[in-house]
Amino acid sequence: MQKIKVFINGAAGKMGKLACEHIQQDDSLILVGQGLRGDNLQEKLGACDADVVVDLTSPSSIYENTLTIINAGKHPVIGTSGLLANQVTELQELCQTRKLGGIIAPNFSIGSVLLMQLSTLAAKHFPQVEIIEMHHDGKKDTPSGTALKTADMIAQHKAPYQQPDCHELLPGSRGASEKNIPIHAIRVSGVLAKQQVIFGGHGETLSIHHDSINRESFMPGLLMACREVINLQELRYGLETLACFQLS
């Protein structure tokens, strides 16, 4: 079987280095190029015969990077957060016209994807929900793309709920709000990534909690995405959109 040729943009970062190592160890993939800070991505992609381009850079450059990847005719696998909803729509429309498969993954962790799916099931039965997400203090955006994606998925499976009218002695103490779902973001050293979704009902609560202990947790999902996008003809948002995650 012919190996899928992969280019890693952001190869010098912690995630990028790990992704390069795992791709080199995978029998179905081959690493054909690496993009570093300051490189001209368009030139780098033009100089290598990549099928898939994985972007693991920064929120400030991710939109332009994704445009460059799509315009180069490569399958994008986007692991960098920071894309706005309207930007995701624009990129999806561009891929649709080109019939180019790709994925934007707020989180490559298998456990995190399952947390989101389990949350959509719980949302049908509990009227209240709040999200707490915790990341290392080097994460540049807040709230996390995972938390925003979780809130969006929950909102699609529950009736609109009016949160309690609380007087904030300190503005922002109730957190941010996405689809009327409070999101509380914590940034501290000593942690990689955690998320907790808390549901409230009549006389009970349900808490769904996921921890990424280290960056190895993101690798199985990243490799899976590299294999799957070759067979797609559209840009999907979220690892849970892949067939292997569909709940029966």
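Colleague: Is Phe199 buried or exposed?
Modeller: Phe199 is buried, at a relative accessible area of 0%. Buried means under 20% relative accessible area, exposed over 50%, partly exposed in between, with a 1.4 Å probe and protein chains only. This is a predicted model: local features need pLDDT of at least 70, side-chain atom pairs count only at pLDDT 80 or more, and totals for chains, interfaces and linings use all residues. Residues are numbered from 1 along each chain as its sequence is written, and side-chain values use heavy atoms, with hydrogens and water left out.

Colleague: How many aromatic pairs does the structure hold?
Modeller: It holds 1 aromatic pair. Rings of Phe, Tyr and Trp (its six-membered ring) pair if their centres lie within 6.5 Å; planes under 30 degrees apart count as stacked, over 60 as edge-to-face, the rest as tilted. Phe126 and Phe199 have ring centres 6.0 Å apart and planes at 45°, so the pair is tilted.

Colleague: Where do Phe126 and Phe199 sit?
Modeller: Phe126 is in the loop between helix H5 (110-123) and strand S6 (128-135), and Phe199 is in strand S9. They are 73 residues apart. Helices (H or I, at least four residues) and strands (E, at least two) are DSSP runs, numbered from the N terminus. Phe126 counts as buried too, at 12% relative accessibility.

Colleague: Switching to charges. How many salt bridges are there?
Modeller: A search of the whole structure gives 11. A salt bridge is a side-chain nitrogen of Lys or Arg within 4 Å of a carboxyl oxygen of Asp or Glu.

Colleague: Which residue does Lys149 bridge to?
Modeller: Glu240, with the closest N and O atoms 3.0 Å apart. Lys149 lies in helix H6 (residues 145-155) and Glu240 in the segment after strand S11 (235-237), so the pair ties together parts 91 residues apart in sequence. Both Lys149 and Glu240 are buried.

Colleague: And what does Asp152 pair with?
Modeller: Lys179, at 3.2 Å, N to O. Asp152 is in helix H6, while Lys179 is in the loop between strand S7 (176-178) and strand S8 (181-187). Asp152 counts as buried at 16% relative accessibility. Lys179 is exposed at 51%.

Colleague: What about Lys194 and Asp211?
Modeller: Their side chains meet in a salt bridge, 3.1 Å from N to O. Lys194 is in strand S9 (residues 193-201) and Asp211 in strand S10 (residues 204-212), 17 residues apart. Lys194 counts as partly exposed at 29% relative accessibility, and Asp211 as partly exposed at 32%.

Colleague: Which residues form a network?
Modeller: Lys5, Asp49 and Asp51 are linked by salt bridges.
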